[in-house]
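The entries below follow the order in which I looked things up.

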Amino acid sequence: MKHIFHPTDLGHGSTTAFLIALRLAATTKSALTIMHVDGTGEGEWSDLPGVRKTLSRWGMLKDEHDLEEFEQMGIRVNKQMMKGDRPVSNCLDYLSEHRSDLIVLATHQGSGNNWRKRKVAEPLARGAGEPTLFVPENAKGLVDADTGKVNLRSILVPVTVDPDPQRAIDMAVSTAKALADGRVRFNFLHVGGEYKAPVVTVPEHPNWTTEHMLRLGDPVETIVNVADATSADLVVMSTKGHDGFLDMLRGSKTERVLRAVRCPIMAVPT
């Protein structure tokens with residue numbers, strides 16, 4: 001990864017997403033952009049999350065005030081405090097000129113049909129068309145706030161022939177390489193007949209195991225149930241957006257899974 005984009009509303013739910021974005025940036029030596037769009041005009045620079053303070057707490061920096069030591073880590077941090085009341089448009093305008101490899105943001109779970117409480121996370125991800133890691137506000141975190149220790153042991157990847165799952169699999173693999181420091185189990189789930197199950201390719205790794213699952217039933221319900229049953233720390237899904245009229249009303253399968261799972265979910269556009 002070269003650039004991680006983290007939009008934040010500075011709420012409590014955004015803290016977990018920030019920790020993941022920072023841990024990924026620190027491990028992969030990526031640029032990290034932190035953006036807050038303030039509609040009140042009362043936001044201050046100091047409201048943005050503290051990068052060096054967090055890295056120091058994790059023991060990755062000896063002194064949070066030592067800029068030279070921080071620069072040697074290879075992380076480039078860009079903080080953006082923007083005025084406006086259209087966070088989706090502001091973020092998309094920025095991304096149109098500064099493409100990212102991954103968007104990491106918090107999301108509020110629940111129905112997407114309340115027009116008076118228009119969501120930000122899902123429209124932003126659809127508009128950007130880039131891999132997006134959604135972190136539900138009440139989800140278990142991948143990164144310990146005090147130590148920076150990562151808990152990534154079980155990754156669920158739903159797979160179908162259409163959309164092609166390989167890019168999602170590649171993102172799951174690269175995330176495991178970047179974050180996991182121990183054994184990781186990849187569970188590849190296909191909901192439907194066995195004859196339609198796609199071929200899955202994963203590089204060999206001494207600490208990785210794979211399991212292939214076949215299930216029948218409603219795809220969204222099945223994915224959510226399997227995520228719970230396997231204690232998934234992360235779900236990674238291929239997505240091609242809204243496929244039809246019902247999806248426009250209810251949201252894509254990925255969006256509906258997002259509203260129900262108890263862990264972060266990465267949506268990877270095909």
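**Ground rules.** I am working from a predicted model, in which local features need pLDDT of at least 70 and side-chain atom pairs count only at pLDDT 80 or more, while totals for chains, interfaces and linings use all residues. I number residues from 1 along each chain as its sequence is written, and side-chain values use heavy atoms, with hydrogens and water left out.

**Entry 1, helix H4.** I took helices (H or I, at least four residues) and strands (E, at least two) as DSSP runs numbered from the N terminus, and I called a residue buried under 20% relative accessible area, exposed over 50% and partly exposed in between, with a 1.4 Å probe and protein chains only. In H4, which spans residues 87-97, I found Val88, Asn90, Cys91, Tyr94 and Leu95 buried. Viewed down the axis of H4, these buried residues fall within an arc of 165° and so line one face of the helix; the arc is taken over the directions from the helix axis to the C-beta atoms. On the face turned away from that buried side I noted the exposed residues Ser96 and Glu97. Counting contact as heavy atoms within 4.5 Å, I listed among the elements covering the buried residues of H4 the strands E1 (3-7) and E3 (76-83) and the helix H5 (121-128).

I fitted axes as lines to C-alpha atoms, for helices over the stretch in contact, with angles running from 0 to 180 degrees between N-to-C directions. The axes of H4 and H5 come within 10 Å and cross at roughly 25°. The contact is made by Val88, Cys91, Leu92 and Leu95 of H4 with Pro123, Leu124, Gly127 and Ala128 of H5.

Six of the eight residues of H5 are buried, so I describe H5 as largely enclosed by the rest of the structure. The buried residues of H5 pack against E1, H4, E4, strand E5 (132-136) and helix H9 (253-258). Just after H5, I noted that Gly129 takes a positive phi of about 65°.

I found Cys91 buried at a relative accessible area of 4%, and Cys263 buried at 2%. Taking a disulfide as a pair of cysteine sulfur atoms within 2.5 Å, I counted zero disulfides.

I placed Val135 in strand E5, where its relative accessibility of 0% counts as buried. Leaving out residues up to four places away in sequence, I found that Val135 touches Thr16, Ala17, Ile20, Val104, Leu105, Ala106, Thr107 and Pro264.
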